[in-house]
Amino acid sequence: MRDLALTSCFLLCFGMTFRYPYAGILTWGWISFMTPHQETYSFAQSIPFNLVISVVTIIMLISKKELRKIPKNTVSYCMMFLLVWTSITTMNAYDVDWSYKIWDMTTKSFVFMFLIMASAYNKVRIHSLVWIMVASLGFFGVKGGLFTIITAGTFKVVGSANTMLFDNNSCALALVLTLPLVNYLRIQSKLRLIRIAMAGVMVLQIVSVIGSYSRGGMVSLAFMVGLLWWSSKNKVTMAVLGVAILGVGLSMMPDSFWERMNSVHDAAAGKDESFQGRVNAWYVAVYYAIDHFPIGAGFYGPQLPGIFNYYLPGQEPHAAHSIYFQVLGEHGFPALFVYLVMLAAAIFNFQYVMREAKGWVGWEWIVNLANMCRVSLLSFYLGASALSMAYYDVMMTLLTLSVILRKMTETHKKEPGRDALDGEVGFRRGYSEGM
C-alpha cells in the first residue's frame, strides 16, 4: 500500500514538472530530504525516483527558460570551489572506488543547490521549498515524538533505515535544524489552524529530539531554544513555554535516558569510548592532512583501516564525527578554509537581509525567514561539530537560501520598482502562473 501511494504521488509530481518545472525542484527536494522510498516495503525501494525527477527537471528548466544566472556571492563561489576541489581529491583519493560513491552523491547535491539558486526567485518558490523541508523532516519529528510519548521514552528515535538519519544523533540534529523553520511557518501563517498545527509539530519534534537519546542533539536543542528566546519579542512567554515543554518532555524519560545524559561526565574525564573514538578520528584527520598537504584522503577515506591504523595501530577505525575534521581529513586544509568561509558567509548574508530589509513594508517575511535560517545554521554548526554531516542537503539548502534572500534584498534596495527578484510582485506572479 505504501509503495502504491508513494509511486502515485511521485507520478503526479512528475507530471506537473512538464507544466511547472519548479515542481520538479520541489519533488527532487522531497525525495532527497525525506527519502520516502525507504519507508516502503516492496518495489518502490528499487525505483530511482531521484534520477528520474532530476533529469526531467533539468531538461524542463532549460527548455522553458526558467533558469536565471546564479547570484554572485561568497557562498556560491565557495560551493563552486568545493565542487571542483572535491573532484580533484576524489581522483587522488586513498581508495578511489570507495570515495567515488560519496563524491557522486555530493556532486548531485551541489548541482541541486545551483539549480535552486537559479530558479527560486520569488516568495512563492521560496516558501514552497521551506514547506518541503519542514514536511520532509517534520514527518520524522511527529512520528518520533508520538513514538516517544507512547513508549514513555523506552526506545531511541531514529530515521529511515539505509539513510544518514538512521543514526539517532544525525536524526536529532536534523530535527533541531528544521525546528526554527517550523516556527517561521507558524508565525508567518495567517490561518489559525496552520499556526496551531505548526506549534504542535514543534512540540513533537522537541520530544523526538529528547527521545533520540542524543547528547549532541540535546546540546544543540538547548542552544537553539536559547537563540529563539533571544531573538523573540515575547521573551517571558517564550521562556515559560520553553521550560514547560522541555520539563514535561524530560520528566517522562526513563532512567536509561538519564544514564546516557550523565555519561557526558565520562567523556570529559576521557572514559567514554564513543568520545575517545571521535578524538582519535580527529587526530587521524589532522595528521593525514598535514602529511598529504594540500589534499586529503578523499570522501570517507580517513576512516579506512589502512589510514586509521597507520596513525593509530590497533585502534578501531572511526568516522570523523565532526563536519570540520571530516572536511579536513577528506579534502585537506584548502577545503576546510573554504568550507569555514562558506558557513560564515551564509550567516553574514542572513544578517545583511535582517538589517537592510527591516522596516520594509511587505517584507517582514524575509526578515523573519532570514532570522530563523540563521538560528538553524548556528545550531547546526554547534551540533555537527561532533557528527559527520558536512554536506547534509538540508543544511546546504539553507546556505543556498542565504544567497537567494540576499540577492532579493540587494535588488530591491537598488531598484525598488523592479519586480524580477523582489517579494510581493514576484509573489503574485508566482500564483498567477501556478508556480
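Student: Is Thr35 buried or exposed?
Tutor: This is a predicted model, where local features need pLDDT of at least 70, side-chain atom pairs count only at pLDDT 80 or more, and totals for chains, interfaces and linings use all residues. Residues are numbered from 1 along each chain as its sequence is written, and side-chain values use heavy atoms, leaving out hydrogens and water. Buried means under 20% relative accessible area, exposed over 50%, and partly exposed in between (1.4 Å probe, protein chains only). Thr35 has 18% relative accessibility, so Thr35 counts as buried.

Student: What is the phi of Thr35 near?
Tutor: Thr35 sits in the loop between helix 2 and helix 3 (49–63); helices (H or I, at least four residues) and strands (E, at least two) are DSSP runs, numbered from the N terminus. Most residues other than glycine have a negative phi. Thr35 is a residue other than glycine, yet its phi is positive, near 45 degrees.

Student: And what is the phi of Ala152?
Tutor: Look in the loop between helix 6 (123–151) and helix 7 to find Ala152. Ala152 is partly exposed, at 36% relative accessible area. Although Ala152 is not a glycine, its phi is positive, about 55 degrees.

Student: Which residue does a cis peptide bond join to Phe293?
Tutor: Most peptide bonds are trans. Here the bond is cis, with omega at about 10 degrees, and its partner to Phe293 is Pro294. The loop between helix 13 (273–291) and helix 14 (305–311) is the place of Pro294.

Student: Stepping back, how many helices are there in the chain?
Tutor: The C-alpha trace spans about 65 × 50 × 50 Å along its principal axes, and buried residues make up 54% of the 435 residues. The chain has zero strands, while its helices number 18.

Student: What share of the contacts in the chain with a separation of 6 or more is between residues 24 or more positions apart?
Tutor: A contact means heavy atoms within 4.5 Å. Of the contacts with a separation of 6 or more, those between residues 24 or more positions apart account for 79%.

Student: Which residues is Thr27 in contact with, leaving aside its neighbours within four places in sequence?
Tutor: Thr27 belongs to helix 2 (residues 21–34). Its relative accessible area is 3%, so Thr27 is buried. Beyond those neighbours, Thr27 is in contact with Phe10, Cys13 and Ile53.

Student: Which residues does Ser214 touch, not counting those up to four places away in sequence?
Tutor: Ser214 lies in the loop between helix 8 (192–211) and helix 9 (215–231). With 1% relative accessibility, Ser214 is buried. Once residues up to four places away in sequence are set aside, Ser214 touches Asn168, Asn169, Ala172 and Met261.

Student: How far apart in space are Ser99 and Gly247?
Tutor: Ser99 is part of helix 5 (residues 96–119) and is buried, its relative accessible area being 0%. Not counting residues up to four places away in sequence, Ser99 touches Thr90, Ala93, Ala297, Gly298 and Phe299. Ser99 and Gly247 are 148 residues apart in sequence, and from C-alpha to C-alpha the spacing is 44 Å.

Student: At what angle do helix 7 and helix 17 pack?
Tutor: Axes are lines fitted to C-alpha atoms, for helices over the stretch in contact, and angles run from 0 to 180 degrees between N-to-C directions. Helix 7 (residues 168–188) and helix 17 (residues 393–414) have axes 10 Å apart and an angle of about 45 degrees.

Student: Which residues of helix 17 make that contact with helix 7?
Tutor: From helix 7 come Leu177, Thr178 and Leu181, and from helix 17 come Val394, Met395 and Leu398. These residues divide into five nonpolar, one polar and no charged (Ala, Val, Leu, Ile, Met, Phe, Trp, Tyr, Cys and Pro are nonpolar, Asp, Glu, Lys and Arg charged, the others, Gly among them, polar).

Student: What word describes how helix 4 and helix 17 lie to each other?
Tutor: Helix 4 (residues 74–91) packs with helix 17 at about 135 degrees, their axes 8 Å apart. Val75, Ser76 and Met79 of helix 4 meet Met396, Leu399, Thr400, Ser402 and Val403 of helix 17. Angles under 35 degrees are roughly parallel, over 145 roughly antiparallel, 65 to 115 roughly perpendicular, and the rest oblique. The two helices are therefore oblique.
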